[in-house]
Amino acid sequence: KIICNGCEYANLKRQQEESLDLACPFCRQKLPKSEEEGNMNYVRRVAANDPVSTREMGVTHYNDGDFEGAFECWTKAAELGNAMARYDLSALYREGEGVKKDLKKEIYHLEEAAIAGHPGARYNLACHEVRNKRYDKAVKHFIIAANLGHDDSIQKLKKCYTHGLVSKEDFAASLRAHQAAVNATKSPQREATAKAMAKVNAEGADVFRSDSKPYKE
């Protein structure tokens, strides 16, 4: 299970304001007090075949330069149905990190991620079709991704429209669908999170942590 940043921030803010112990919004267990404890929790979740934790463990391996470890975790997470892991695997095959570069496998994982609803994968598939001058297929991918709220895809559709590659009706429909998708993601909690993150970037402040209850990630 996952939640958006807005819900996470709202939950943490409530806990801090009420002087509560920081806890998981799902199981209500206290958050780990150290990086070591947090890593142990990840290991347990991975052992329990949790796809999100398995994918996150892969991210940790990747950031540490362990591409083979990342590949192993992302492969397992993908088999468990995690679309993000499929997208991650496509990037490994594109860049040749931990595996040999393989366009067919890159496209395969992009297709699987796209089918699972990953808009970025749709966008990459569209770009692949553009490079091969299969513009009709590219436009279809851009439309699907734009309808999911993908900003880069709606910008590409604008260019396609100016070049006569997409009809006025289809472009107008995508504009409406894109805006509806963007509006659906808006909430007071997410707006508060955006402001808090802007403060972090500007001042280096850690608005997600309570001064009285420090927590190490």
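**Figure 1. Helices α7 and α8 pass each other in a left-handed crossing.** The handedness is called left-handed if the near helix is turned anticlockwise from the far one by less than a right angle, and right-handed if clockwise. The model is predicted, so local features need pLDDT of at least 70 and side-chain atom pairs count only at pLDDT 80 or more, while totals for chains, interfaces and linings use all residues. Residues are numbered from 1 along each chain as its sequence is written, and side-chain values use heavy atoms, with hydrogens and water left out. Helix α7 covers residues 119–131, and helix α8 covers residues 135–147; helices are DSSP runs of H or I with at least four residues, strands are runs of E with at least two, and both are numbered from the N terminus. The two axes come within 8 Å and cross at roughly 165°, which makes α7 roughly antiparallel to α8. Axes are lines fitted to C-alpha atoms, for helices over the stretch in contact, with angles from 0 to 180 degrees between N-to-C directions. Angles under 35 degrees count as roughly parallel, over 145 as roughly antiparallel, 65 to 115 as roughly perpendicular and the rest as oblique.

Figure 2. A contact here means heavy atoms within 4.5 Å. By class, 11 of these residues are nonpolar, 1 is polar and 3 are charged (nonpolar: Ala, Val, Leu, Ile, Met, Phe, Trp, Tyr, Cys and Pro; charged: Asp, Glu, Lys and Arg; polar: the others, Gly among them).

**Figure 3. His141 sits in helix α8.** With 15% relative accessibility, His141 counts as buried, a class that means under 20% relative accessible area, against over 50% for exposed and in between for partly exposed (1.4 Å probe, protein chains only). Apart from neighbours within four places in sequence, His141 is in contact with Arg122, Leu125, Ala126 and Glu129.

**Figure 4. Helix α8 also passes helix α9 in a left-handed crossing.** Helix α9 spans residues 151–162, and its axis comes within 8 Å of that of α8 at a crossing angle of roughly 140°. That angle makes α8 oblique to α9. Residues Val139, Phe142, Ile143, Ala145 and Ala146 in α8 meet Ser153, Ile154, Lys156, Leu157 and Cys160 in α9. The classes in this contact are 8 nonpolar, 1 polar and 1 charged residues.

**Figure 5. Gly120 lies in helix α7.** Gly120 counts as buried, at 9% relative accessibility. Residues up to four places away in sequence aside, Gly120 touches Tyr87 and His150. The C-alpha atoms of Gly120 and Asp152 are 8.9 Å apart, although the two residues are 32 apart in sequence.

**Figure 6. Asp151 belongs to helix α9.** Its relative accessible area of 47% makes Asp151 partly exposed. Not counting residues up to four places away in sequence, Asp151 touches His178 and Val182. For Asp151 and Val182 the separation is 31 residues in sequence and 9.0 Å in space, C-alpha to C-alpha.

Figure 7. Asn49 is placed in the loop between α2 (35–47) and α3 (51–63), and its relative accessible area of 39% makes it partly exposed. The loop between α7 and α8 holds Lys133, which counts as exposed at 64% relative accessibility.

**Figure 8. The protein chain holds 11 helices and 0 strands.** Of the 217 residues in the chain, 35% are buried. Among contacts with a separation of 6 or more, 42% join residues 24 or more positions apart. The accessible surface (Shrake-Rupley method, 1.4 Å probe; for residues, only the protein chains shown count as cover) comes to about 13700 Å², and 51% of it belongs to carbon and sulfur atoms.
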